[in-house]
Amino acid sequence: MSVSLFDTLSEKFARYLAVNSSRRSVLGKVSTAMAVAPAFPLLPVTRAEASAPNPPPTLTDFERNAQSKDPDRCDYWRHCAIDGVLCGCCGGGVHTCPPGTEPSPVSWIGTCRNPEDGRSYVIAYRDCCGRNMCNVPKECDCNTSDREMPIYRPQTSNDIIWCFGTKSTTYHCSTAAIIGQAS
C-alpha cells in the first residue's frame, strides 16, 4: 500500500499539534478566530475600481453647443432644461424676475454643464408670475429639455406652469438660478 505525500504531511502536522498543544489552547485559538472573523469585512480594502479614473462624461447635443457669454439666448449653458421665455429678455435677469412679477414658490431642477470650467451645476428653474407673457424675439422663447425626466417625476418636468401659490397664476417668464455644484 503506497502512502501519498499528502497523507504523510497531514500525519506529521497532526502529530506536531498533538505533542505541542493542549485541547484548551486549540479551543481558545478556534474561539478567538470565530470571534474575530466577523470583523474582517470591516477592514479597509483598496479596491481597483475606486482608484480608477472616472471616464469622461458623454456630452449631449446641447452641452456640445452651449455657450457662456449671452444669458439671453436659449443656448446659454444654464438653460439646458428650461421651457419658456427667458426673463432676461423681459426686463429681469437670468436669476431675477422682472418688476411687477413674483417668483413662484416652487421650481423644477436640471443639471447643466458649464463649458467654461467643465463642471456640472444644479439649476433651479423658477417661473415669474403675475403679468402676461412679454413679446420677445424667437431666440428668447426656449424649449430645451436636455436630460429631461419623464412626467411621472413632476419636480423635474419643464412642461408644467409652476405659478402655484402666487397672487396670479399667469405665466410671464422663467429664471435659471444656480443652486450648487453637482457631484
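Glu11 is partly exposed, with a relative accessible area of 43%. Partly exposed lies between buried, under 20% relative accessible area, and exposed, over 50% (1.4 Å probe, protein chains only). The model is predicted: local features need pLDDT of at least 70, side-chain atom pairs count only at pLDDT 80 or more, and totals for chains, interfaces and linings use all residues. Residues are numbered from 1 along each chain as its sequence is written, and side-chain values use heavy atoms, with hydrogens and water left out.

Glu11 forms a salt bridge with Arg15. The closest N and O atoms of this pair are 3.1 Å apart. A salt bridge is a side-chain nitrogen of Lys or Arg within 4 Å of a carboxyl oxygen of Asp or Glu. Arg15 is exposed, at a relative accessible area of 55%. Both residues lie in helix 1, four residues apart, about one turn of the helix. Helix 1 covers residues 5-20 and also holds Leu17. Leu17 is partly exposed, with a relative accessible area of 38%. Together with Phe13 and Tyr16, Leu17 makes a nonpolar surface patch of about 340 Å². Patches are made of residues with over 30% relative accessible area and no salt bridge; like charges are joined within 9 Å, and nonpolar side chains (Val, Leu, Ile, Met, Phe, Trp, Tyr) within 5 Å.

The protein contains four helices and six strands. These are DSSP runs, numbered from the N terminus: helices are H or I with at least four residues, strands E with at least two. The order from the N terminus is α-α-α-α-β-β-β-β-β-β. Of the 183 residues, 28% count as buried. The protein exposes about 12400 Å², and carbon and sulfur atoms supply 58% of that area. Areas come from the Shrake-Rupley method with a 1.4 Å probe; for residues, only the protein chains shown count as cover. Among contacts with a separation of 6 or more, 69% join residues 24 or more positions apart. Contact means heavy atoms within 4.5 Å.

The structure holds four salt bridges. One of them joins Glu116 and Lys69, with the closest N and O atoms 3.2 Å apart. This pair links distant parts of the chain, 47 residues apart. Glu116 sits in the loop between strand 3 and strand 4, Lys69 in the loop between helix 4 and strand 1. Both residues are exposed. Another salt bridge joins Arg73 and Asp75, at 2.6 Å between the closest N and O atoms. Arg73 is partly exposed at 37% relative accessibility. Asp75 is partly exposed too, with a relative accessible area of 22%.

Arg73 also takes part in the surroundings of His79. The backbone oxygen of Arg73 lies 3.1 Å from a polar atom of the His79 side chain. His79 is placed in the loop between helix 4 (61-65) and strand 1 (83-85). At 2% relative accessibility, His79 counts as buried. Beyond its neighbours within four places in sequence, His79 contacts residues including Phe62, Pro71, Leu86, Tyr125 and Ala176.

Three aromatic pairs are present. Rings of Phe, Tyr and Trp (its six-membered ring) pair if their centres lie within 6.5 Å; planes under 30 degrees apart count as stacked, over 60 as edge-to-face and the rest as tilted. The rings of Tyr76 and Trp77 have centres 6.2 Å apart and planes at 50 degrees, so the pair is tilted. Tyr76 and Trp77 are buried. Trp108 and Tyr125 form a stacked pair, at 5.5 Å centre to centre and 20 degrees between the planes. This pair links distant parts of the chain: Trp108 in strand 3 (residues 108-113) and Tyr125 in strand 4 (residues 120-129), 17 residues apart. Trp108 and Tyr125 are both buried. Ring pairs also link Tyr76, Trp77 and Tyr121 into a cluster.

Trp108 is among the residues touched by Ser174, as are Ile82, Val85, Cys87 and Arg126. Ser174 lies in strand 6 (residues 171-181). Ser174 is buried, with a relative accessible area of 2%. Its side chain makes a polar contact of 2.8 Å with the side chain of Asp127. A second polar contact, of 2.9 Å, joins the side chains of Ser174 and Tyr171. A polar contact is a pair of N or O atoms within 3.5 Å; within protein, one must be able to donate a hydrogen and the other to accept it, and residues adjacent in sequence count only if both atoms are side-chain atoms.
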